[in-house]
Amino acid sequence: MDGQATMDRQRAEAAGADRTILVIEDDAELSALLADYLGREGFAVRIAGNGEAGLELAAAGDCSLVLLDVMLPGRDGIEVLRELRRGSTLPVIMLTAKGDDVDRIVGLELGADDYLPKPFNPRELVARIKAVLRRSGAAVSEEAGTAPPATARWVVRGDLRIDLAGYRATLAGRDLALTVIEFALLRELAQARGRALSREMLLDRVRGREFDLFDRSIDVHISHLRHKLGDDPQRPRFIRTVRSVGYMFVGEGA
């Protein structure tokens with residue numbers, strides 16, 4: 001193991017998995033800049049220069065979020081994300097030099113939690129990382145190591161149980177393995193049961209006004225959420241489309 005790899009591992013162990021970022025990026029200069037900047041923000045950084053190395057580090061389970069470049073040698077970022085999503089809900093922020101809607105949509109369809117086009121402002125990157133980690137329940141605050149206060153609230157809709165503190169949901173006792181955004185959408189819709197929420201409202205509640213987002217990305221995540229719920233859009237048990245408005249949770253229960 002070389003000196004940089006040793007330093008990355010020591011930082012990761014000192015910071016803890018809930019403040020460790022895995023950067024999968026083939027640009028060594030950019031990776032070093034990210035490691036330096038994120039380190040000053042209280043994060044540890046693990047670096048992989050290609051998709052295969054990134055998947056190996058992700059499988060180790062000692063990081064809380066992945067920054068994934070789309071344009072990687074060999075297995076590109078889309079392929080890496082597809083592989084990650086086969087067995088993990090680890091939050092992923094895609095980095096793309098193209099600024100192309102195609103990259104964003106494909107990434108979101110595969111389960112990415114956010115995207116950021118290059119070149120980007122490091123402060124915006126940190127803001128997005130913290131926002132995604134907050135939604136995933138990881139311990140993130142302005143001071144390293146300070147965890148958000150725990151809660152013990154549940155939303156129960158028939159055989160659907162949403163654990164607001166644990167950031168997980170089960171259906172008939174089966175873990176739904178939701179991504180961060182899928183969980184947030186389910187939470188917001190279930191808590192507003194019987195009331196239609198527009199795409200704009202969902203974007204505002206789930207991702208925040210500080211991000212440059214497009215409302216149709218909500219449709220992609222709702223489609224994935226419905227699939228995991230086993231919900232038929234034509235005869236919905238949980239999520240109904242309200243034409244020209246958005247979506248409404250129609251599930252039964254308390």
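Is Arg85 buried or exposed, and what is its relative accessible area? Arg85 is buried, at a relative accessible area of 17%, where buried means under 20%, exposed over 50% and partly exposed in between (1.4 Å probe, protein chains only). Keep in mind that this is a predicted model, where local features need pLDDT of at least 70, side-chain atom pairs count only at pLDDT 80 or more, and totals for chains, interfaces and linings use all residues. Residues are numbered from 1 along each chain as its sequence is written, and side-chain values use heavy atoms, with hydrogens and water left out.

**Around Arg85**

- Arg85 sits in the loop between helix H4 (77-84) and strand S4 (92-96); helices (H or I, at least four residues) and strands (E, at least two) are DSSP runs, numbered from the N terminus.
- Setting aside neighbours within four places in sequence, Arg85 is in contact (heavy atoms within 4.5 Å) with Leu90, Pro91, Val92, Leu110, Gly111, Asp113 and Thr179.
- A polar atom of the Arg85 side chain lies 2.8 Å from the backbone oxygen of Leu90.
- Asp113 and Arg85 also join side chains in a salt bridge, at 3.3 Å from N to O; the term covers a side-chain nitrogen of Lys or Arg within 4 Å of a carboxyl oxygen of Asp or Glu.
- That pair ties together distant parts of the chain, 28 residues apart, with Asp113 in the loop between helix H5 (101-109) and strand S5 (114-117).
- Both Asp113 and Arg85 are buried.

**Other salt bridges**

- Searching the whole structure turns up 16 salt bridges.
- Arg199 and Asp219 meet through their side chains at 2.8 Å, N to O.
- Here Arg199 belongs to helix H8 (residues 199-206) and Asp219 to helix H9, 20 residues apart.
- Arg199 is buried, at a relative accessible area of 16%.
- Glu83 pairs with Arg75 in a salt bridge, the closest N and O atoms being 3.5 Å apart.
- Glu83 counts as partly exposed at 29% relative accessibility, and Arg75 also counts as partly exposed, at 25%.
- Glu52, Arg75, Glu83 and Arg86 are linked in a network of salt bridges.

**Rings**

- The whole structure has one aromatic pair, the term meaning Phe, Tyr or Trp rings (six-membered ring for Trp) with centres within 6.5 Å; planes under 30 degrees apart are stacked, over 60 edge-to-face and the rest tilted.
- Phe238 and Phe249 have ring centres 6.0 Å apart and planes at 40°, so the pair is tilted.
- Both Phe238 and Phe249 are buried.

Note on methods:
A polar contact is a pair of N or O atoms within 3.5 Å; within protein, one must be able to donate a hydrogen and the other to accept it, and residues adjacent in sequence count only if both atoms are side-chain atoms.
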